[in-house]
Amino acid sequence: LSQRIETDGPDDEMKELTVTFNSMIDRLENSFQRQNQFISDASHELRTPISVIQGYANLINRWGKSDPDILQESIDSILSETEHMSALIRKLLFLAKGDQNRMLVQKKVVSLNEVAGEIVRELEVLEVHRQILFEGKDKAEVWADPDLLKQLLWIYAENALKYTKEGGVITIRVWKDKKNAFVSVGDDGVGITQEHLPRIFDRFYRVDPSRNKGISGTGLGLSIAKWIIDSHLGQIFVESKAGEGTTFINQFPLTGKPKKEAPKKDSQ
Ligand code: ADP
């Protein structure tokens, strides 16, 4: 793939063809490189929990039979690592399916308010020790897959929980303008510094792993969010300030045509 065609002949058509051919090869090469990077990052991420599980299994083998504390601690760690691994594999499969256009996206008319309301109720039931605020007066209907929509909002909600302290505030808002519907999930947590913002949607990207110490994550959540939004012809905007909080705003085209404004009556 490193080969390129060169031409300096006078034939314009040939030159144009060469440029098109070379740019196609460039795109193919980029896509291969991205796939290779994805596979090597994924393997690296899977290797860590496997080594940890192996370590604890060895510990049980040596000491666990005679020491119930070591046995319990090892079992707990193995269970938590396997949980982390299955979450990682689920996310990898999602992205692989998405890349290959094998994801079933079943769209229908969905009320953003209802989906957002469901997330709010679920957060309340889970007693997450955060204040959950919900503002959704505008009835906003979009053409969407309700399961994917819910998955999208859960990604933000889980992050909001991970990156805020107990007692923090999570705000979910739904609104619309003439063309678009919006749903945002905001928090008053650690925030993200400007330099990291452009990269947070990259696969496996995590802001400063030492700051996130103890917070489990894969760096894949937001890349899945981006895939979901792209598959709904929407856009994501992020507002964030270090130490103050983060808000993810998601824009979707409204279903149907925007209503024509009623003609203004002449005031007399
Ligand atoms: P992760 O599994 O690490 O949370 P994501 O792809 O969901 O992966 O997010 C990527 C990174 O963006 C996170 O590691 C975190 O540093 C940052 N991030 C995402 N959401 C928030 C948030 N609400 N507040 C602060 N940082 C966040």
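These legends describe close-up views of one predicted model. Residue numbers start from 1 along each chain as its sequence is written.

**View 1. Helix H1 packs against helix H2.**
H1 covers residues 12–64, and H2 covers 68–99. Helices (H or I, at least four residues) and strands (E, at least two) are DSSP runs, numbered from the N terminus. The axes of H1 and H2 lie 9 Å apart, at an angle of about 165°. Axes are lines fitted to C-alpha atoms, for helices over the stretch in contact, and angles run from 0 to 180 degrees between N-to-C directions. H1 and H2 are therefore roughly antiparallel to each other. Angles over 145 degrees get that name; under 35 counts as roughly parallel, 65 to 115 as roughly perpendicular, and the rest as oblique. The crossing of H1 with H2 is left-handed. That means the near helix is turned anticlockwise from the far one by less than a right angle; clockwise gives right-handed. The contact of H1 with H2 has 21 nonpolar, six polar and four charged residues. Ala, Val, Leu, Ile, Met, Phe, Trp, Tyr, Cys and Pro count as nonpolar, Asp, Glu, Lys and Arg as charged, and the others, Gly among them, as polar.

**View 2. Helix H3 crosses helix H4.**
H3 spans residues 112–125, and H4 spans residues 146–162. Their axes come within 10 Å and cross at roughly 40°. H3 and H4 are therefore oblique to each other. H3 passes H4 in a right-handed crossing. On the H3 side, the contact (heavy atoms within 4.5 Å) is made by Leu112, Val115, Ala116, Glu118, Ile119, Glu122 and Leu123. H4 brings Leu149, Lys150, Leu153, Trp154, Ala157 and Leu161. By class, this contact of H3 with H4 has ten nonpolar, no polar and three charged residues.

**View 3. Helix H2 meets helix H5.**
H5 covers residues 221–230. The axes of H2 and H5 come within 10 Å and cross at roughly 35°. H2 passes H5 in a left-handed crossing. Lys91, Phe94, Leu95, Gly98 and Asp99 of H2 touch Ser223, Ile224, Trp227 and Ile228 of H5. The contact of H2 with H5 has five nonpolar, two polar and two charged residues.

**View 4. The largest pocket has a volume of about 1,000 Å³.**
On a 1 Å grid over the protein atoms alone, a pocket is an open set of points with protein on both sides within 12 Å along at least five of seven lines; a cavity is a set where a 1.4 Å probe fits but cannot get out; lining residues have an atom within 4 Å of a point. Grid points are joined across faces, edges and corners, and a volume is the space filled by probe spheres set on the points. Of the 36 lining residues of the largest pocket, Lys91, Glu158, Asn159, Lys162 and Gly221 are closest to its centre. H2, H4, H5 and strand S7 (245–253) each supply at least two lining residues. H2 gives the most, with eight. The pocket lining has 15 nonpolar, twelve polar and nine charged residues.

**View 5. The structure holds one cavity of 30 Å³ or more.**
The largest cavity holds about 40 Å³ of space. Its lining is Tyr156, Asn159, Ala160, Val185, Gly186, Asp187, Thr246 and Phe248. H4, strand S5 (180–187) and S7 each supply at least two of the lining residues.

**View 6. Lysine 241 lies in strand S6.**
S6 covers residues 235–241. Leaving aside neighbours within four places in sequence, lysine 241 is in contact with Val190, Gly191 and Ile192. Lysine 241 and aspartate 188 are 53 residues apart in sequence and 9.4 Å apart in space, C-alpha to C-alpha.

Note on methods. This is a predicted model: local features need pLDDT of at least 70, side-chain atom pairs count only at pLDDT 80 or more; totals for chains, interfaces and linings use all residues. Side-chain values use heavy atoms; hydrogens and water are left out.
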